[in-house]
Amino acid sequence: MTGISTGSLIAPFAFLGPEYDAKLKEAYTTISDKDIYKVPGKLKLLLNLGRLEGVASTEPLAELLTHLIDDQMIQKIAAEHNKGRSLLVGTTQLDAQRQVIWNMGAIAASGHPDAPKLFRQVLRASASIPVAFNPVYIKVTAGGQEYDEMHVDGGVRAEVMLYEAALNLFTSQKKLGSLIPDRPRKLYIMRNAQVYPEYESIKPYIGDIGTRAISSLTKYQGVGDLYRIYVLAQRDGIDYNLAFIPKDFHPKRASEFDTKYMNEEFDLAYNLARSGYKWHKYPPGFEPLTPQPASGQQVQP
């Protein structure tokens, strides 16, 4: 199980299965903007404009994570890790411009007294959109010295995380050969976003233009990730299954964490799953070529 950005907040609940469905629903249908971030007053923003790390602080999200991801839940994740399952979350280490993949099960099972704190820090960092939210600083030791690494939303590096960094089956097969069992492999990707163009009249102001440009960049980076993973899945013989927000679902949201919108989106996904969701076998916009008959052959009607 992997997660980036909002997917990192979903992943621990999904990893533990139906027992945590109610808590996952609580996390996504009962919160609002005030539970995620707080913005200082306009005067404070102007006075500190040159020293700001982000427009808003995610201290409320830190408190929410302490409530939602309690120590008992972390212990259960540790137990699943010890069975051989993996829960991976991606952040972006901004100084180094690299993706960092955190083995959350290993952190949970480490027995270190600071493990719960680090576990929640990583989730908070993975969902901290740069500029909009403050980065999260995580202490690391390298070369005998302690540093504060700056971590932000994993979506800066990749919107969907699996291959190359988290899993490289092709390389593993070359190294281990017959030691890797030959069995069916299935990949399920859930992209919590629209993947097709959406029209919206943008006001001619720098803030509106910038916000629209960034959201468009994020959308199409995500689509590119879906294509990249599809190509690698084809190479490695993995069954590709994709889910994303349907094209005809576009209710207006009053804010980024509009409770009404999130309830509508949650209900949509729940009902699609209950009715037997038809997973997409190809990335959006991709149509495979119809097989062509060999020279001299005819296609039977």
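**Exercise 1. Determine which residues Ile-69 touches, leaving aside residues up to four places away in sequence.**

Solution. With those sequence neighbours set aside, Ile-69 touches Pro-12, Phe-13, Ile-74, Phe-119, Arg-120 and Leu-123. The model from which this list is computed is a predicted one. Next, consider the nonpolar cores. The largest has 42 residues, and Ile-69 is among those with the most contacts inside it, together with Ile-77, Met-104, Phe-119 and Leu-123.

**Exercise 2. Check whether the length of helix 5 agrees with its number of residues, and locate its buried residues.**

Solution. Step one: helix 5 covers residues 71-82, which is 12 residues.

Step two: the buried residues of helix 5 are Met-73, Ile-74, Ile-77, Ala-78 and Glu-80. Viewed down the helix axis, they fall within an arc of 160°, and therefore line one face of helix 5.

Step three: the face turned away from the buried side carries the exposed residues Gln-75 and Asn-82. The cover over the buried residues includes helix 1 (6-16), helix 4 (59-68), helix 6 (104-109) and helix 7 (115-126). Just after helix 5, Gly-84 takes a positive phi of about 110°.

**Exercise 3. Classify the ring pair of Tyr-37 and Phe-257, and state which parts of the chain it links.**

Solution. Step one: the whole structure holds 11 aromatic pairs. For Tyr-37 and Phe-257, the ring centres are 6.2 Å apart and the planes stand at 55°; the pair is therefore tilted, since the tilted class lies between stacked, under 30 degrees, and edge-to-face, over 60.

Step two: Tyr-37 belongs to the loop between helix 2 (21-29) and helix 3 (42-47), and Phe-257 to the loop between strand 9 (239-244) and helix 10 (259-274). The pair thus links distant parts of the chain, 220 residues apart.

Step three: Phe-257 has 19% relative accessibility and so counts as buried, the cut-off being under 20%.

**Exercise 4. Identify which residues are linked into a cluster by ring pairs, and which charged residues lie over rings.**

Solution. Tyr-227, Tyr-230, Tyr-240, Tyr-282 and Phe-286 form a cluster linked by ring pairs. The charged end of Lys-247 sits over the ring of Tyr-196, 4.9 Å from its centre. Arg-253 lies over the face of Tyr-261, at 4.0 Å from the ring centre.

Note on methods
Residues numbered from 1 in each chain as written. Predicted model: local features only at pLDDT ≥ 70, side-chain atom pairs only at ≥ 80, totals over all residues. Heavy atoms only, no water. Phe/Tyr/Trp six-rings, centres within 6.5 Å; stacked < 30°, edge-to-face > 60°. Helix = DSSP H or I, 4+ residues; strand = E, 2+ residues; numbered from the N terminus. Buried < 20%, exposed > 50% of the residue type's maximum accessible area, 1.4 Å probe, protein only. Lys NZ or Arg CZ within 6 Å of the ring centre and 35° of its normal. Core = buried A, V, L, I, M, F, W, Y, C linked by side-chain atoms within 4.5 Å. Contact = heavy atoms within 4.5 Å. Expected span 1.5 Å × (residues − 1). Arc of directions from axis to C-beta.
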